[in-house]
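This briefing covers the contacts between the chains, the nonpolar core and the packing of selected helices. The sequence and structure come first.

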Protein chains: 2
Amino acid sequence: MGRHSAQQNKEPQTETPLERLSSALESDMEAVNALILRHMDSPVEMIPKVAAYLIAAGGKRIRPLLTLAGTTIYGGDITRAQALAACVEFIHTATLLHDDVVDESTERRGRKTANLVFGNQASVLVGDFLFSRAFQLMTADGSLDILRILSGASAVIAQGEVMQLAATGNPDISLDNYLEIIKAKTAALFAAACEIAPVIAGASSEQAEAMAEYGLNLGIAFQIADDALDYAADREKLGKKTGDDFREGKITAPVIFALQNADDEERTFWYRVLKDHIQTEEDLETARTLFARHNALEQSLDLARAYGEKARLALAEAPDHPLRPLLDELVTFTVERRH
Amino acid sequence: MGRHSAQQNKEPQTETPLERLSSALESDMEAVNALILRHMDSPVEMIPKVAAYLIAAGGKRIRPLLTLAGTTIYGGDITRAQALAACVEFIHTATLLHDDVVDESTERRGRKTANLVFGNQASVLVGDFLFSRAFQLMTADGSLDILRILSGASAVIAQGEVMQLAATGNPDISLDNYLEIIKAKTAALFAAACEIAPVIAGASSEQAEAMAEYGLNLGIAFQIADDALDYAADREKLGKKTGDDFREGKITAPVIFALQNADDEERTFWYRVLKDHIQTEEDLETARTLFARHNALEQSLDLARAYGEKARLALAEAPDHPLRPLLDELVTFTVERRH
């Protein structure tokens, strides 16, 4: 505990809450990264090559950080937390590899997707490997409660991805459908990453539920914000690609809010670009104009803020600890970030 | 025990050993099928639809039968065996769904592949779902030993598939490379399906090793025979498709044996069709002619027989039980079957 508060105090306040969390847990995250590298290794060369391509490209590592922070707050065995945080990142990486095949994506984390570089086949199979490896590591940890939480989350993620696939190109899906999808495809793993922390520490089931609730709502807020950011024009100035969801025909919060108040002409536009999937160069700009007209991005962020508030309320149940305020600020950062 | 011997005696001897095994374990297999149907269900419609398409198409169910037969022989809890046999079949089905995406296959079990009917995306994601569901069921069973065996097998299968992908179109791979691949991609799950039976029964680790050895060698023999059958012309009379491996550029036992004694002209042929992947209508027939010239199919089956012999030796370690001779005959049937 002393270690974390000491590290935390020396960090300048200009860093984001996520960066401060990473700094506070720096040595633990280094251990997690070492475990990831060790366990993604295989005599089959292509496996560490594909895995390293995606894992080395960075990413925010937010899920393993949640497991580490939670375990520290609850005073659990940090060595177990490191191994299980690696499992969580493996499950996440496996879903990214499979997602990119499913979405036929071309860019992830600022570079070409693994499926584009190594082929769909390698992406599918290396995803399977990482997924299996995660279960081997969980089995080595030996907690059936944690196996139950993470195998349950994995099944829910797959269901969420299938729901999303079925909903793609269907502008008639409701806000509730959308929330159900992102709860499953994104928030379930956030929830699991948080829930296992009190379980590692042997805390009460109420404490485990509170952390799961924090993670679930943080995950929902994270995904809504992400879906709004996918349309944010100012993001392009940072060299980020926007409009992926639009091109893939994914129906996300901004579209749903824009459709709620759309006139006939606007409705025809959305059906053409998302359902019939007939898009021209200017359509993304038109979408942005319609969002501005109906305040759709701001409505989306308000929804994200409401889930963020739920997350912060649930977090208040956790023990008082220097890392707790960082998890609290992480919620706001997740919603208000601009990239 | 009485139940099995009674059922066994009334079966006519004209049935294959696999059919007799299925009959002897009929009520248990019905329970497994019911569990499969129940646990592949999901509120997300597409999941049971895709899963049912493949699972309902039949297949030999050889892996769950091995778990059931082994558990019966060792006197283990058959209810646990039924649930774990369903897990084994889920893992197998998940790998089939992903394989067909990887191989760009068009036919499986006598009908169009799931990826062709429902799309690659659905196949990848439903495979992920079944895989996760298998781990949920194993966790519910609660044996860490079994979780270790099946998560280990899953990781090995994925590695085998990646090895196969890397070896595709490379006629220079050795017989050892080939055996390493099929051991991983096929035999590992046969071995695991068998190994968990004595574990369910709480038998010694020597007994578990003997059953794993039986399954591993049976699986190797099975795959070699399968690879030979893929070129068997008389199989076409049964309405089965042949030449899939040839068209996909997979280097299997018959090709390796044919290449061992190939002259320059034959070598040029194999490199053109498998490495450069330039194939004409007549090439499959030419391949068969070269196999006949070098006795390649018979050499392959001899190799399968040798592994079959190892399997039968390992099986002799298992307790005496009316089902044991059926597992013994299954080995010969696996190698000598003509479809």
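B:Val162 touches A:Val44, A:Met46, A:Ile47, A:Ala122, A:Leu125, A:Val126 and A:Phe129, leaving out residues up to four places away in sequence; two residues are in contact if their C-beta atoms, placed from the backbone, lie within 7 Å. The model is predicted: local features need pLDDT of at least 70 and side-chain atom pairs pLDDT 80 or more, whereas totals for chains, interfaces and linings use all residues. Residues are numbered from 1 along each chain as its sequence is written, and chains are lettered from A and ligands numbered from 1 in the order in which they are written.

**Core**
- B:Val162 is also among the residues with the most contacts inside the largest nonpolar core, together with A:Val162, A:Ala221 and B:Ala221.
- That core has 242 residues (a nonpolar core is a set of buried Ala, Val, Leu, Ile, Met, Phe, Trp, Tyr and Cys residues joined through C-beta atoms within 7 Å).
- A residue is buried if 20 or more other C-beta atoms lie within 10 Å of its own, exposed if 12 or fewer, and partly exposed in between, with C-beta atoms placed from the backbone.

**Contact between the chains**
- Chain A and chain B each give 35 residues to the contact.
- On the side of chain A that touches chain B, two or more residues come from each of helix 4 (46–55), helix 6 (78–103), helix 8 (120–141) and helix 9 (144–167) (helices are DSSP runs of H or I with at least four residues, numbered from the N terminus).
- Helix 9 of chain A gives the largest share of that side, 14 residues.
- By class, that side of chain A has 20 nonpolar, eleven polar and four charged residues (Ala, Val, Leu, Ile, Met, Phe, Trp, Tyr, Cys and Pro count as nonpolar, Asp, Glu, Lys and Arg as charged, and the others, Gly among them, as polar).

**Helices 5 and 10 of chain B**
- Helix 5 (residues 62–74) and helix 10 (residues 175–200) of chain B pack at about 25°, with axes 8 Å apart (axes are lines fitted to C-alpha atoms, for helices over the stretch in contact, and angles run from 0 to 180 degrees between N-to-C directions).
- Helix 5 of chain B is therefore roughly parallel to helix 10 of chain B (angles under 35 degrees count as roughly parallel).
- Their contact has ten nonpolar, three polar and one charged residues.

**B:Ile182**
- B:Ile182 lies in helix 10 of chain B.
- B:Ile182 is buried, with 24 other C-beta atoms within 10 Å.
- Beyond its neighbours within four places in sequence, B:Ile182 is in contact with B:Ala187, B:Ile220, B:Gln223 and B:Ile224.

Conventions. Parallel < 35°, antiparallel > 145°, perpendicular 65-115°, else oblique.
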